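Hi everyone, thanks for coming. Let me put the structure up, and then I'll walk you through some aromatic rings and a domain interface.

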Amino acid sequence: MIASAPGKVILFGEHAVVYGRHALVSAINLRCYAKVERHRGLIIESPMGKTGLDFKVHPYVSWAVKRFSEIKEVKDVYIKIWSEIPIASGLGSSSAVTVAVLKALSLFYDVDLDREDVFEIARRVELDVQGLGSGTDPFVSTFGGTWLIPERRRINVKDLDLTVVDTGRPSITSEMVKRVADLREKYGDVVEKIFDTIDSITLSGIKHLERGDEGGLSFLFRTNHLLLKALGVSCREIDEVVEELERRGKFGKLTGAGGGGSVITIGDVDLNKYKCFRVSLNAEGVREEKV
Ligand code: MEV
């Protein structure tokens with residue numbers, strides 16, 4: 001049985017969404033695939049390696065197996081993972097693998113899980129691995145489309161020309177979420193005000209997104225990015241990409257947890273030093289792949 005789930009871009013609102021503010025997020029046309037087959041013993045094979053249940057090498061898959069086992073015991077299966085989503089790039093590969101594995105297990109064991117169930121378990125897994133998280137990534141990977149979180153309002157996006165620049169430096173969500181939590185602990189009032197301003201940027205982003213207003217979106221990307229930088233989740237490589245974009249008259253914003261990972265910008269860009277690729281939004285959520 002094979003299932004797949006999409007990666008995502010957070011257009012606005014990462015980190016602030018962990019503290020109850022809004023985020024605008026869309027599923028992208030890069031997917032992660034999981035295949036489950038009968039086998040003697042439990043094997044997990046992915047680009048990270050070939051292991052049994054291993055919470056270090058395969059934390060998300062192992063927790064997904066453990067949580068699924070609360071419904072139906074998982075044993076004697078070979079779980080194979082492959083993905084179009086660059087790993088630790090801020091594009092939701094961890095949630096996509098979690099969601100794809102849960103769906104493939106449910107198909108293999110003939111357990112009736114609807115999307116809400118898959119999301120609930122994937123959300124649990126996110127907390128198991130990261131300790132803190134908003135559920136945004138597993139939500140969009142499960143349901144697909146473009147959403148305003150937390151109220152789950154579907155957003156109509158005009159075709160948006162979006163380029164992702166991958167800095168090549170890994171973005172570790174749990175570390176970045178912890179960094180922001182520490183900053184909030186120390187400078188509560190200031191950090192809450194930053195979250196509030198990010199929130200108004202996100203809400204203002206809706207109309208620009210629906211109108212396909214690229215100038216407005218670029219301005220909001222820039223402003224959101226500067227606030228993320230103030231939260232301490234940028235890094236040298238991200239700064240370098242953003243500066244290079246500005247030299248070319250464009251604005252960029254880190255997407256996802258930061259500390260590495262990707263920068264998004266409107267329009268077509270090619271920066272020699274970094275891998276740049278176009279993504280399309282509004283991709284379909286988790287699904288069975290027929291072979
Ligand atoms: C990570 O893609 C997004 C964060 O806001 C964390 C979360 O929402 O759980 C940084």
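Let's start with the rings: Phe119, Phe139, Phe143 and Trp147 are joined by ring pairs into a cluster. Rings of Phe, Tyr and Trp (its six-membered ring) pair here if their centres lie within 6.5 Å. The structure holds 11 aromatic pairs.

A quick word on the source: this is a predicted model, where local features need pLDDT of at least 70 and side-chain atom pairs count only at pLDDT 80 or more, while totals for chains, interfaces and linings use all residues. Numbering runs from 1 along each chain as its sequence is written, and side-chain values use heavy atoms, leaving out hydrogens and water.

Now the domains. An automatic or database assignment sets the bounds, giving domain 1 (2-153) and domain 2 (157-280). How many residues of domain 1 are in contact with domain 2? There are 28, and they meet 43 residues of domain 2, with contact meaning heavy atoms within 4.5 Å.

Together the two domains bury about 2800 Å², 67% of it on carbon and sulfur atoms; that is accessible area (1.4 Å probe) lost on being put together, summed over both. On the domain 1 side, Phe12, His15 and Arg21 lose the most area, together 25% of what that side buries.

Arg21 also forms a salt bridge with Glu192, with the closest N and O atoms 2.6 Å apart.

Conventions: Phe/Tyr/Trp six-rings, centres within 6.5 Å; stacked < 30°, edge-to-face > 60°. Salt bridge = Lys/Arg side-chain N within 4 Å of Asp/Glu carboxyl O.
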